[in-house]
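Dear colleague,

Please find below the structure that I am handing over to you. My notes on what was found in it follow directly.

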Amino acid sequence: MTGRTATATRYLLAGIRLALGWVFLWAFLDKLFGLGRGTAAANSWLDGGSPTAGFLGKAAAGPFAGFYHSIAGNVAVDVLFMAALLGIGVALLLGIGMRIAAAAGGLLTVMMWTAVLPPDSNPFMDDHLVYAAVMAVLALLGAGTTLGFGIRWAAIPLVRRNTWLT
């Protein structure tokens, strides 16, 4: 691709990256502060609520429900979940660490998919799998370099020596 098509593609991918980054960051902020979208203020993490207890403890269904019910509300699981939401969201928004963000985001969304098997609206496919695929595409196509800090990030000596950090 060259010319206008390549430029349009780069900006489209950057827009998708920013939108997906906001999805993750918003989930983090809502669970942290209880902003009233998915999490009521009384259930916020800052007010002692668990970001995993509701979904994993009550909504998880299917073949993995027992596993998810057993880890729901665990402090370590809460910390890991919130760190993942924050890290993936920030990395996507900034366009840095795209490979790590794609791998972590893919793992997280596939795990969320397994928590609701089978999905309500389709025998196997839902938005979680689509998000995982989109994150892989964003990382593979270097979507962090347009409207992001991907080029500057890749120039850091530590990142240059460890390309998996790009």
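Trp-22 is partly exposed, its relative accessible area being 42%; here buried stands for under 20%, exposed for over 50% and partly exposed for the range in between, with a 1.4 Å probe and protein chains only. Please note that this is a predicted model, in which local features need pLDDT of at least 70 and side-chain atom pairs count only at pLDDT 80 or more, while totals for chains, interfaces and linings use all residues. Residues are numbered from 1 along each chain as its sequence is written, and side-chain values use heavy atoms, with hydrogens and water left out.

Two aromatic pairs are present. In one of them, the ring centres of Trp-22 and Trp-26 are 5.7 Å apart and the planes meet at 45 degrees, so this pair is tilted. Rings of Phe, Tyr and Trp (its six-membered ring) are paired if their centres lie within 6.5 Å, and planes under 30 degrees apart are called stacked, over 60 edge-to-face and the rest tilted. The two tryptophans are four residues apart in helix α1 (residues 3-33), which means a separation of about one helical turn; helices (H or I, at least four residues) and strands (E, at least two) are DSSP runs numbered from the N terminus. Trp-26 is also partly exposed, at 28% relative accessibility. For Phe-67 and Tyr-68, the centres are 5.1 Å apart and the planes are at 65 degrees, so the pair is edge-to-face. Phe-67 is partly exposed at 46%, whereas Tyr-68 is buried at 6%.

The largest nonpolar core has 20 residues, and those touching the most other members are Phe-24, Leu-85, Leu-92 and Met-135. At least two residues of this core come from each of α1, α4 (75-94), α5 (98-114) and α6 (127-140). A separate core of five residues includes Ala-60, Tyr-68, Ile-71 and Ala-115. By nonpolar core I mean a set of buried Ala, Val, Leu, Ile, Met, Phe, Trp, Tyr and Cys residues joined through side-chain atoms within 4.5 Å.

The largest pocket has a volume of about 940 Å³. It is lined by 36 residues, of which Lys-31, Pro-51, Phe-55, Phe-81 and Met-112 are the closest to its centre. A pocket is an open set of points on a 1 Å grid over the protein atoms alone where a 1.4 Å probe fits, with protein on both sides within 12 Å along at least five of seven lines; lining residues have an atom within 4 Å of a point. Grid points are joined across faces, edges and corners, and the volume is the space filled by probe spheres set on the points. Helix α5 provides the largest share of this lining, six residues.

The second largest pocket holds about 200 Å³ of space. Among its 15 lining residues, Met-98, Arg-99, Ala-139, Gly-142 and Thr-166 are the closest to the centre. The most, four residues, come from α7 (150-154).

Finally, two points concern the backbone. Leu-117 and Pro-118 are joined by a cis peptide bond, with omega about -15 degrees, and Pro-118 lies in the loop between α5 and α6. Leu-147 is not a glycine, yet its phi is positive, about 55 degrees. Leu-147 is in the loop between α6 and α7 and is exposed, at 51% relative accessibility. Most residues other than glycine have a negative phi, and most peptide bonds are trans.

Yours sincerely
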